[in-house]
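The sequence and the model are shown first.

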Amino acid sequence: MQLVLEKRAERSKTIALVSPLIAIGLTIITMVILFAILGKNPMLALHAYFIAPLTDGYSLQEIAVKATPLVMIAIGLSLCYLANAWNIGAEGQFLIGAVAGSWIAVKTQGTDAGAWVLPVMLVLAAAAGALYALIPAICKVKFGASEILTSLMLVYVADLFLDYLVRGPWRDPHGFNFPTTAEFDPVATVPLLIEGGRLHLGSIIALLVVAAAAILLGRTIKGFEIRVVGAAPRAARFGGFNANQLVILTFAVSGALAGLAGIIEVAGPVGHLQPGISPGYGFTAIIVAFLGRLNPLGILIAGLFLALTFIGGEQAQIAMKIPLDVTKVFQGILLFYVLACDSLILYRFKLVFPNRQVARGIG
Amino acid sequence: MLDQTSNDLHSGEPPLLQTIGLTKRYGDFLANDSISIDIQPKQIHALLGENGAGKSTLVKAIYGLIQPSAGEIRWQGHPIVLSGPSEARRRGIGMVFQHFSLFDNLTVAENVALGLDGRESFKDMSARLEQVSKTYGLPLDPRREVWQLSVGERQRIEIVRALMQDPKFLILDEPTAVLTPQEADQLFTVLERLKAEGRAILYISHKLEEVKRLCDTATILRGGKKVATCNPGLETAASLARMMVGSEIREVKAPADRKTTVPRLVVNDLSLAPGEAHGVRLEHISFELKGGEILGIAGVAGNGQDELFAALSGERLSKDPGTVVIEGIAAGHLSITQRRKLGAAFVPEERLGHGTAPRMKLSENALLTGHAASGMVHHGFIDTAAALNTVDRATETFDVRKAKRDPEAASLSGGNLQKFIVGREILRNPAVLVVSQPTWGVDAGAAAVIRQALLDLATAGAAVLVTSQDLDELAEIADRIAVMFHGRLSAPLATSEATREKLGLLMGGSSLEPKEAAHAVGA
């Protein structure tokens, strides 16, 4: 008896919907084993991770706040991945966006600048993120350099550049030598949706991005172009679509969205520029994109789910002394299972008996 | 069911190879349904059937590439289980595949060495290779690299490689599909000789005249079942075709008087360097195609047909706009989308992955070529209803059979997908249609529908360019036939003057003697 994968005639729609759930289920089973090995009560740990954050209003708002950058970045990445362009450097584009937007905030600090500051910060951050993403895109199109490597390497450049700025020229003179800028002025801050709460305007922008991506991919010829170039490159060329142009376009759009997410994070929940503004949003967004099946609505749900693991991880650390790194382990295992379960969309498992026995049985 | 075993000279001893109730099941699909055949020594046994009839599955089982789900294979009377091709070869079963497995950058001898299981030294092997190729009249230079060789020569490598194992039984899968008529004749001489030496040959083909001429026995498969075993010499091509298809094939009717109008596609001295390594350079190609006319381009695969298609479609651009003129407008520098807007339509050879995106719906595949000029896009937004409407019209006009209204392209059979692709282009009422291998790997019914559609399109005034390796197909629909060889295009011959012999000479790179006798193709 033997277990084989058999190709399906058409991709299974049911499995396409169910496969992320199977992946989550398998991840939780793995985590239970891991918690048991760590000597923690698995049920209590799971409760801390997945149930506790959903039970109070503050945590619910915090989930939305954490999901905002994840969803915005993942939407951009999904466009790249659908078009077969592998942007792995969203983390760097996020940081560069944060830096570019902060520049205005730092320069207008303490002046009586008007309401134009925040919009200009947002635009500048998006532009900077797009330009930063264009470096690997142009290197790929012009020189054939692997965009996976170049975009990833640029993450570290952005990280160190930010580090230099907040330790050097932009450091808050009254900040007790901490590597951080001064708190941004109110005109340079993303407004809150609820007075005294955590939820801010960025979440609305993220929802608009999701809606725009859904329309782009589902209704427009540009979205069709993105899907065809990724799914069947030769057919796309026959259709008259230019794959290189799309690499440039999707990288620029995803860089812009990552940059925008970056400034919204800095000018919103954080309030000033400092190292460590991102707990790896740009990388976690890769998981969000795939867990959401590269579909805008799926990404929205997946973004909320992964935000839950961030909050749950913090709660588990406080309540049960489970190291925060376990959250990253969880996310890594989840991506692994998501990609593995994807094969079920095109294949099905089948038990096969050795044919010699069958031949004997019949003949 | 007829079952005349014409060659039953060996009634006393068991057949060389026998399958008994051989069945192969893929999921719910029966690729082979209880097939029993007997193959005798000194026999050329034809295996006939349409695409998807189960020929490949059967020979793969006999060659040990797949394990049958049920049934038995007997070799010289004893049941055997083949664990793989190397065991088949060890027992004396050889196979020459339709698609060669050769490394372009290695020499002939290196390629042969890679395929042999033996332990002899490279030097001994090379010497034996030369000797075998001489003995059978299959000349080969062991030191040449494969990419320099013609398709016919590449096939010789595969045949010699099989013969070097001294097989008692040799399987040939569509060997003449890539040969000129003259090369095919040479191959038949070799096969006759192998037969005289006492070997058995299983010859897979769908060229009926060839089978009638060469084979002693024919087994005909249809839909995974054996429908008959007969002596092809006693059958007519029409009766064999009937057994293969299971019904009468619709005749393609060429309208009596097709009027040619203005030139709609003109190619002027088109030369183009190859786009990839070992590609073919197009050299000084010129022709003029008028409305109402079908020009056929014959030639052995790999002589520049793919490159010509890319240059005409605009998948590759030419620096000089004047090299390709569509509807009177210089278009050599225009993209494929711009050329479509001028009224051109294109059908590439490869259905899945080139003509369609396999995992996308038919409506999306209608959009693939229709987005430029068919009213399926308004202000950047897709008109889904218009795309679906194209699918429905193509389905109705060209009898596309499918499980639901808008399935994925990959779920259609080859013939139905090809009808959809051709239909998708014809429904746009193109002024110029460039089509490559329109009926390659398509069942006879679908092939007739497609050929008729091309004729009707030309009758309606379009200029049609058909590239095909099937000379019978070109004879049936083309007004004139030109031949591609090494990236050059011969002057077109009127179809009535294009004999098999003439075309064969051109396909082999010779020029025509002026005093050739003229009789029609297929006569």
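Over which residues of chain A does pLDDT stay under 50, and how many contacts beyond four places in sequence does the model have for them?

## Model and confidence

The stretch in question is residues 355-363 of chain A, where pLDDT remains under 50 and the model has 16 contacts beyond four places in sequence. Here pLDDT is the predictor's confidence in each residue, on a scale from 0 to 100, and two residues are in contact if their C-beta atoms, placed from the backbone, lie within 7 Å. The model is predicted, so local features need pLDDT of at least 70 and side-chain atom pairs count only at pLDDT 80 or more, while totals for chains, interfaces and linings use all residues. Residues are numbered from 1 along each chain as its sequence is written, and chains are lettered from A and ligands numbered from 1 in the order in which they are written.

For chain A the average pLDDT is 90, and 96% of the residues score at least 70. Helices (H or I, at least four residues) and strands (E, at least two) are DSSP runs, numbered from the N terminus. Chain B has a mean pLDDT of 87, with 93% of its residues at 70 or more. Residues 1-10 of chain B stay under 50 in pLDDT, and the model has 16 contacts beyond four places in sequence for them. Residues 515-523 of chain B are also below 50, with 12 contacts in the model beyond near neighbours in sequence.

## The interface between the chains

The predictor assigns the complex an ipTM of 0.84 and a pTM of 0.81. The contact draws 24 residues from chain A and 35 residues from chain B. On the side of chain A that touches chain B, helix 8 (221-231), helix 9 (233-238) and helix 14 (355-362) each supply at least two residues. By class, that side of chain A comprises 11 nonpolar, five polar and eight charged residues. In this scheme Ala, Val, Leu, Ile, Met, Phe, Trp, Tyr, Cys and Pro count as nonpolar, Asp, Glu, Lys and Arg as charged, and the others, Gly among them, as polar.

## Helix packing in chain A

Two packed helices are described by the angle between their axes and the distance between the axes. Axes are lines fitted to C-alpha atoms, for helices over the stretch in contact, and angles run from 0 to 180 degrees between N-to-C directions. Helix 1 (residues 13-38) of chain A packs on helix 2 (residues 42-51) of chain A at an angle of about 125°, with the axes 9 Å apart. Helix 1 and helix 2 of chain A are therefore oblique to each other (under 35 degrees is roughly parallel, over 145 roughly antiparallel, 65 to 115 roughly perpendicular and the rest oblique). The contact joins Ile28(A), Val32(A), Phe35(A) and Ala36(A) of helix 1 to Pro42(A), Ala45(A) and Leu46(A) of helix 2. Its residues are seven nonpolar, no polar and no charged.

Helix 4 (residues 90-107) of chain A packs against helix 5 of chain A at about 145°, with their axes 7 Å apart. The contact of helix 4 with helix 5 in chain A has 15 nonpolar, five polar and no charged residues. The axes of helix 4 and helix 11 of chain A come within 6 Å and cross at roughly 135°, which makes helix 4 of chain A oblique to helix 11 of chain A. Ala90(A), Glu91(A), Gly92(A) and Phe94(A) of helix 4 meet Tyr281(A), Gly282(A), Phe283(A) and Ala285(A) of helix 11. This contact of helix 4 with helix 11 in chain A divides into five nonpolar, two polar and one charged residue.

## Individual residues

Leu294(A) lies in the loop between helix 11 (281-291) and helix 12 (296-320) of chain A. Although Leu294(A) is not a glycine, its phi is positive, about 55°. Leu294(A) counts as buried because it has 20 C-beta neighbours inside 10 Å. A residue is buried if 20 or more other C-beta atoms, placed from the backbone, lie within 10 Å of its own, exposed if 12 or fewer, and partly exposed in between.

Lys42(B), in the loop between strand 2 (29-39) and strand 3 (44-48) of chain B, likewise has a positive phi, near 60°, in a residue other than glycine. With 17 C-beta neighbours inside 10 Å, Lys42(B) counts as partly exposed.
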